[in-house]
Amino acid sequence: MDLLMCLLLLISPVVLAKSSSTVPAIFTFGDSIFDAGNNHYNKNCTAQADFPPYGSSFFHRPTGRFTNGRTVADFISEFVGLPLQKPFLELQIQILNGTSNFSNGINFASAGSGLLLDTNKFMGVTPIQTQLQQFQTLVEQNLIEKSIIQESLFLLETGSNDIFNYFLPFRAPTLSPDAYVNAMLDQVNKTIDQIYKLGARRIAFFSLGPVGCVPARAMLPNAPTNKCFGKMNVMAKMYNKRLEDIVNIIPTKYPGAIAVFGAVYGITHRFQTYPARYGFSDVSNACCGNGTLGGLMQCGREGYKICNNPNEFLFWDFYHPTEHTYRLMSKALWNGNKNHIRPFNLMALATNKITF
């Protein structure tokens, strides 16, 4: 048993207390769309956004979030009425100092991670399997009340990095797109099994966005830059369709659980199709970066350029949306119709009374 686990056993067995909110806490798993700074606290990880100008539009400092402000997870937390969840690796340090507090949930997401263990492994990211193990350890040590877990929201979004990496020129895929997507979905099923056994009952799975439209596609030798990368988007849509099928059977397969499917691809596609309607003047280029589409250099690295009006850009950097995009997306997921999220929205999921 390592030092952390020894210390976990020594502190109070009830660290997470129920709040006055309908949803007492939010537990978040995934990649950079959700990461609130876990990678910053992982010094072996090279996927970082802990330098300016990340965070400049809201926090006015870098927080490790891969955007200029808040993420979808942050906005949903605000809609629920909870303080923003801290990254697990920050809380881990607080545990060592004896000052931990899980009262509003935990963010386990790690930028660059995926559903497959090998995805960006060389970058030192925390894969979804490890994120789930971190959560399981806290539950097994009775640091989070089971009754609180059952009432909490579980937000899961991952897979974009798996899809993008499938098209990297220096790795020849050994699986067909169909088989590769199936391998991803096998891990989705394992994830649901694990969080359900640990008490999760209100589950939200978010689809992949149009991965083939990110400015970073400019780095791929066979990807077009005057339009989105069709083959990549076809693969993302294949994954999304099968993911929704899995989400739809959760209430039947897992007694007492309810689940929703956030149609992020469709939401983002509407932003791209009707940009002016949503306040965008640019839905192709990164606000912060350099080179073709702003996609050849990470924001904040030496030589980067930044736009004057990030709220008018769909993309903040070579991979990630702006806070404005995240805000619009979050509103659609929170109280949108079935075109945005189904069978009902997050607000309904958060207020639904579940009996066990």
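Predicted model: local features only at pLDDT ≥ 70, side-chain atom pairs only at ≥ 80, totals over all residues.
**Entry 1: the largest pocket**

I began with the largest pocket and got a volume of about 800 Å³. I counted 43 residues in its lining. Nearest the centre of this pocket I noted Ser32, Asn161, Val214, Tyr319 and His320. Next I looked up which elements give two or more residues to the lining: they are helix H7 (160-166), helix H11 (264-273), strand S9 (313-315) and helix H12 (323-335). H7 has the largest share, with four residues. Sorted by class, the lining of the largest pocket came out as 26 nonpolar, 14 polar and three charged residues.

**Entry 2: the second largest pocket**

I then turned to the second largest pocket, with a volume of about 220 Å³. Its lining is made of 15 residues. Ala36, Arg61, Thr63, Arg65 and Glu90 are the ones that lie nearest the centre. By class I wrote down six nonpolar, four polar and five charged residues for this lining.

**Entry 3: aromatic pairs**

I searched the whole structure for aromatic pairs and found 23. I picked out two of them.

For Tyr54 and Trp316, I have ring centres 6.3 Å apart and planes at 70 degrees. Angles over 60 degrees count as edge-to-face, so that is what I call this pair. Where do Tyr54 and Trp316 sit in the chain? Tyr54 is in the loop between helix H2 (38-41) and helix H3 (72-80), while Trp316 is in the loop between S9 and H12. They are 262 residues apart, so I logged the pair as a link between distant parts of the chain. I also checked burial: Tyr54 and Trp316 are both buried.

For Tyr166 and Tyr180, the centres are 4.7 Å apart and the planes stand at 55 degrees, so I put this pair down as tilted. Tyr166 belongs to helix H7 and Tyr180 to helix H8 (residues 177-197), so the pair ties together parts 14 residues apart in sequence. I found Tyr166 and Tyr180 both buried.

**Entry 4: a cluster of rings**

Which residues form one aromatic cluster? I listed Phe27, Phe29, Phe88, Phe108, Phe135 and Phe154.

**Entry 5: charges over rings**

Last, I looked for charged side chains over rings and noted two cases. Arg70 lies over the face of Phe58, and I have 3.7 Å to the ring centre. At Tyr196, the charged end of Arg201 sits over the ring, 3.9 Å from the centre.

Terms used: Residues numbered from 1 in each chain as written. Heavy atoms only, no water. 1 Å grid on protein atoms, 1.4 Å probe; cavity = no way out; pocket = protein on both sides within 12 Å on 5 of 7 lines; lining within 4 Å. Points joined across faces, edges and corners; volume = space filled by probe spheres on them. Nonpolar A, V, L, I, M, F, W, Y, C, P; charged D, E, K, R; others polar. Phe/Tyr/Trp six-rings, centres within 6.5 Å; stacked < 30°, edge-to-face > 60°. Buried < 20%, exposed > 50% of the residue type's maximum accessible area, 1.4 Å probe, protein only. Lys NZ or Arg CZ within 6 Å of the ring centre and 35° of its normal.
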